[in-house]
Amino acid sequence: MPPLAVTAMVRLCHYEPATEIPERQYEYRITIYTSNQWWRIRAEPCETNSLPIDCRRIEGGIRWYVVDQTPPPATVTNYIQGAYAFPLTYPPPEHQGMLLGWLAYVPHPELPILEGHVCRRFLFSDLAHDPLNKGTFLATWIAPESNFLASLLITNNGYTYIPDRITERAVGPFADGWREFEYEVQETIDIHHYTIPSYATLRLYHPRPGATNLSQLYVYLSGCIWLLDVRPLEAAECLFVEPKLLAFDYRPSGNARMESLNITYLVTNDIWKPLADEELQSLVAIEQHIAQHSSTKRVNFWSALVLIVLFCPLILIGWLYLHKLHILKGDRL
């Protein structure tokens with residue numbers, strides 16, 4: 001595939017179980033830049049009170065940040081935007097608009113395949129590597145020689161996650177899972193001798209309250225993406241690069257959970273350190289030492305507290321006994 005720049009529009013609708021009218025609706029203008037296994041996506045909400053999100057593939061994962069377009073006050077001289085790096089090959093799944101753009105317009109998207117026809121489900125970033133986050137999938141392509149997905153169906157394994165990220169096993173016919181994620185290209189167009197999606201949809205399903213069979217699902221999120229423009233990517237066309245970013249790097253821990261080890265450092269011109277970088281490895285060693293030292297201090301604190309709790313009654317009993325002896329001696333005198 002030649003390097004491409006794609007512009008598209010995304011619409012997302014959220015539904016409650018018993019409603020056909022969306023509870024919430026969002027629209028984004030998506031720009032996707034691709035070249036070989038590299039990609040970068042900018043999602044710009046059409047709502048004036050929301051900020052764009054910028055995400056791109058880096059070595060060992062992705063990085064993303066919210067683009068603050070409001071310049072800081074003149075009195076603030078050390079303002080730096082924060083960016084997160086996660087050990088993922090796709091945009092953060094909680095940003096469904098970016099995920100839909102990635103599925104539609106990144107050639108040969110790196111699906112989170114575990115083995116055979118089992119993959120990670122597109123849940124939240126911090127659940128990406130959870131052992132129970134998996135399901136079976138079926139992927140098809142627009143044509144045998146195509147670079148783009150035609151469809152992607154993911155069936156979960158019967159586990160859902162409640163808001164506190166605690167797993168909950170479904171019961172009855174849903175215990176073994178249900179169709180949860182469905183992406184499908186509805187229309188295509190031939191451009192530059194390549195067949196690419198011009199319109200695609202995304203649907204996320206969940207059992208209806210009180211459901212007794214697998215057909216009783218409702219769409220809690222539906223999305224669609226339609227092509228606006230596609231053109232060869234020119235070097236001068238790439239998005240603005242932030243001169244400095246404050247990195248919160250979760251790649252070394254292999255997990256995006258907020259309690260996981262993350263390394264903080266400064267990134268210049270969006271050039272991120274590879275995982276094997278000596279300086280990054282030194283930062284990892286320092287953070288591990290601090291975490292271990294803090295853990296040891298916590299263990300010592302709780303151990304001391306337990307000892308105090310255990311021995312306080314004995315000390316009190318001893319004091320009362322001595323006090324009673326003292327009173328008895330005083331009476332005898």
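Q: Which residues lie nearest the centre of the second largest pocket, and how many residues line it?
A: A pocket here is an open set of points, on a 1 Å grid over the protein atoms alone, with protein on both sides within 12 Å along at least five of seven lines, where a 1.4 Å probe fits, and a lining residue has an atom within 4 Å of a point. In this predicted model, the second largest pocket is lined by 17 residues, with Ala170, Phe174, His206, Pro207 and Arg208 nearest its centre. Strands E12 (167-169) and E14 each give two or more residues to that lining, strands being DSSP runs of at least two residues and helices runs of at least four (H or I), numbered from the N terminus. About 230 Å³ of space lies in the second largest pocket, a volume being the space filled by probe spheres set on the grid points, which are joined across faces, edges and corners.

Q: What should I know about numbering and confidence before going on?
A: Residues are numbered from 1 along each chain as its sequence is written, and side-chain values use heavy atoms, with hydrogens and water left out. Because the model is predicted, local features need pLDDT of at least 70 and side-chain atom pairs count only at pLDDT 80 or more, while totals for chains, interfaces and linings use all residues.

Q: What is the volume of the largest pocket, and which residues lie nearest its centre?
A: The largest pocket has a volume of about 620 Å³, and among its 25 lining residues Leu123, Phe124, Tyr161, Glu180 and Tyr220 lie nearest the centre. Elements giving two or more residues to this lining include helix H1 (96-105) and strand E15 (217-232). By class, the lining has 16 nonpolar, 4 polar and 5 charged residues, where Ala, Val, Leu, Ile, Met, Phe, Trp, Tyr, Cys and Pro count as nonpolar, Asp, Glu, Lys and Arg as charged, and the others, Gly among them, as polar.

Q: Why is strand E1 described as largely enclosed by the rest of the structure?
A: A residue is called buried under 20% relative accessible area, exposed over 50%, and partly exposed in between, using a 1.4 Å probe and protein chains only. Strand E1 (residues 4-14) has 10 of its 11 residues buried, so it is largely enclosed by the rest of the structure. Two strands pair if DSSP finds at least two bridges between them; E1 runs antiparallel to E15, joined by 11 bridges, and pairs in the antiparallel sense with strand E2 (residues 24-35) over 11 bridges. Histidine 14 stands opposite leucine 221 in E15, and threonine 7 opposite threonine 31 in E2.

Q: How many salt bridges does the structure hold?
A: Side chains of opposite charge can pair when their charged atoms come close. The criterion used is a side-chain nitrogen of Lys or Arg within 4 Å of a carboxyl oxygen of Asp or Glu, and the structure holds 12 such salt bridges. One of them joins arginine 42 to aspartate 54, with the closest N and O atoms 2.9 Å apart, and this pair links distant parts of the chain, strand E3 (residues 38-45) and strand E4 (residues 53-58).

Q: Are arginine 42 and aspartate 54 buried or exposed?
A: Arginine 42 is buried, with a relative accessible area of 9%, and aspartate 54 is buried at 0%. Both belong to a network of salt bridges that links Arg40, Arg42, Asp54, Arg56, Arg63 and Asp270.
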